[in-house]
Amino acid sequence: MKRAFPIFALLTAILLSYALYEALVAAPTEQTMGNVQRIFYYHVPSAWTAFLLFTINFVASVWYLIRRSPHADAVAVVTAEVGVVFCTVVLLTGPLWARPVWGIWWTWDVRLTSTLVLWLIYISYLMLRRFSTSGQTPVLAAAMAILGALDVPLVYFSIWIFRTQHPQPVIGGGGSIDPRMWHVLLINWAAFLCFAGLICWSRYRLEILQREVEEAQALETLEPRSSR
Amino acid sequence: MSKNSGATAGVTGVTLAKDLRLEWRSKDAINSMLFFALLVVVVFSFSFDPNAEQSRQIAGGLVWVAVLFAAVVALNQTWARELRNQVLDAYRVSPAPANSLFLAKALGNFIFVAVLEMLMTPLFIMFYKLRPLGPAWQLIPLAVLGTWAIVVNGTFFAAMSLRARSREIMLPLLLFPVTIPALLALVNATTAILTGELSARFWIVLLTTYDVVFTIACLLLFELVLHAE
Amino acid sequence: MNFLYAAYTATWIIHITYLGILVQRYERLRSEIEELKKK
């Protein structure tokens, strides 16, 4: 297992470099937006990755509530953190794309705003985990994750209603995508998924190690080895 | 099933009555919160001073943000008394369903925030010279649904932050993101009713959906939270 | 065009920062393990 990690890391690095080349050089230049459109190849895969990670978090949280498996809880923490990282990328690349193309930094676009709320919900989830001193923090966090997950479709729908009443510019483009662009998009998504997997793996090992250390420290406090 | 729901309703009623009685007797919590609500309205009035036309556009947002902040102050002390007197342990071991405790607390908070709103609304109307151009009667169900949305989640998150460092700030940190769709609905519906330009119907439907979803979710999850403390 | 480079750079800065945080936590854990082993 441990030997696979460096190999996987190397493969991911290669894939990411290839994906970067494809995005910056090989992909066709978009007609109306020009080269700035290439941000799309980082913005969209990051969003899909973040959503996938948050979905895994939801499943892990429910699993934890049913089975009380500590591994499920560890997965929940890991996916929440890495999800927030990818979500941050989405929220920064979005405005950086919007500004040169549409002249505005922000708009109440359904996807962008839903992503913002999702980001906020998961940051509050992480703060709950950090600030809670209860011994049952995983249970509370799992409940929070469920409420957050219930909120997301409502957020989406509420912004959709808002936009039908107050038409706003659409960021991220609708319509069909050139198949060559689709190809580059998928390559970048695959690369970022591998990268996310890599980070999650590392974070997961860190989490397990941390729990073992905390257990050992607690044991040490209760039964100091020097006194045995 | 009917016996169980009878027990639930009974315990809820008793707990609620006890809370209301205790609050009424102590009064210091009520007084400080009423004053806080008043201050919020006054401060907002100094910050925004629009004419009558503009005021209808923005009053919706102002009122509900003010209510949200005042509600947080009220929600923070939801479980304070239980914590002080170590009552929660008694609740955990008693056969009373956890739902009834939650419902009692939520209803108590609802009444409390409603009182705050009844104080704040006339002040807002006065300061901003508000006169709704749309169907004003819709504001009542809107206020009921909206207040419940804030209160049901607020009571739940207050319980979650019980054993947390910086408990008072944890509550708004947890509450605000989740409340965003409800807040959006409230503000837009109020603006729609005040300006009379658009229909508030979609928003009220959304708010009803929000209330149903989160009331059920909180009732189902509260048992876990109570025992997790 | 600058926005394009800014976006890509920002992405990697965020990822590298997070990885840096993880490395820091690993180091701290490692020193805690050393301490525990001594006792």
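Guide: Let us begin with handedness: a crossing is left-handed if the near helix is turned anticlockwise from the far one by less than a right angle, and right-handed if clockwise. Helices (H or I, at least four residues) and strands (E, at least two) are DSSP runs, numbered from the N terminus. This is a predicted model, in which local features need pLDDT of at least 70 and side-chain atom pairs count only at pLDDT 80 or more, while totals for chains, interfaces and linings use all residues. Residues are numbered from 1 along each chain as its sequence is written, and chains are lettered from A and ligands numbered from 1 in the order in which they are written.

Visitor: Which way does helix 3 of chain A pass helix 6 of chain A?
Guide: Helix 3 of chain A passes helix 6 of chain A in a right-handed crossing.

Visitor: And at what angle do their axes cross?
Guide: In general, two packed helices are described by the angle between their axes and the distance between the axes. Here helix 3 (residues 70–102) and helix 6 (residues 179–222) of chain A have axes that cross at roughly 135 degrees and come within 9 Å. Helix 3 of chain A is therefore oblique to helix 6 of chain A. Angles under 35 degrees count as roughly parallel, over 145 as roughly antiparallel, 65 to 115 as roughly perpendicular and the rest as oblique. The axes are lines fitted to C-alpha atoms, for helices over the stretch in contact, and angles run from 0 to 180 degrees between N-to-C directions.

Visitor: Which residues make the contact?
Guide: Helix 3 of chain A contributes A:Ala74, A:Val77, A:Val78, A:Thr79, A:Glu81, A:Val82 and A:Phe86, and helix 6 of chain A contributes A:Ala196, A:Ile199, A:Cys200, A:Arg203, A:Tyr204, A:Glu207 and A:Ile208. Two residues are in contact if their C-beta atoms, placed from the backbone, lie within 7 Å. By class, this contact has ten nonpolar, one polar and three charged residues. Ala, Val, Leu, Ile, Met, Phe, Trp, Tyr, Cys and Pro count as nonpolar, Asp, Glu, Lys and Arg as charged, and the others, Gly among them, as polar.

Visitor: Stepping back, how many helices and strands has chain A?
Guide: Chain A has six helices and zero strands. Its C-alpha trace spans about 75 × 45 × 25 Å along its principal axes. Among its contacts between residues at least 6 apart in sequence, 79% join residues at least 24 apart.

Visitor: How many of its residues count as buried?
Guide: Of the 228 residues of chain A, 41% count as buried. A residue is buried if 20 or more other C-beta atoms lie within 10 Å of its own, exposed if 12 or fewer, and partly exposed in between, with C-beta atoms placed from the backbone.

Visitor: Is A:Val36 buried or exposed?
Guide: A:Val36 is buried, because 20 other C-beta atoms lie within 10 Å. A:Val36 is in the loop between helix 1 (4–26) and helix 2 (40–67) of chain A.

Visitor: What about A:Ser124; where is that residue found?
Guide: A:Ser124 is found in helix 4 (residues 110–131) of chain A. With 21 C-beta neighbours inside 10 Å, A:Ser124 counts as buried. Leaving aside neighbours within four places in sequence, A:Ser124 is in contact with B:Leu173, B:Leu174 and B:Pro177.

Visitor: That brings us to the interfaces. Which chains share the most contacts?
Guide: Of the two pairs of chains in contact, chains A and B share the most contacts. There, 29 residues of chain B are in contact with 28 residues of chain A. Helix 9 of chain B gives the largest share of the chain B side, twelve residues. By class, that side has 23 nonpolar, three polar and three charged residues.

Visitor: Then what of chain C?
Guide: Chain C has one helix and zero strands, and its C-alpha trace spans about 60 × 5 × 5 Å along its principal axes. Of its 39 residues, 10% count as buried. In chain C, 19 residues are in contact with 25 residues of chain A.

Visitor: How far apart are chain B and chain C?
Guide: Chain B and chain C do not touch, and their nearest C-alpha atoms are 22 Å apart.

Visitor: One last topic: how many residues of helix 7 of chain B are buried?
Guide: Helix 7 of chain B is mostly covered, with 18 of its 22 residues buried.
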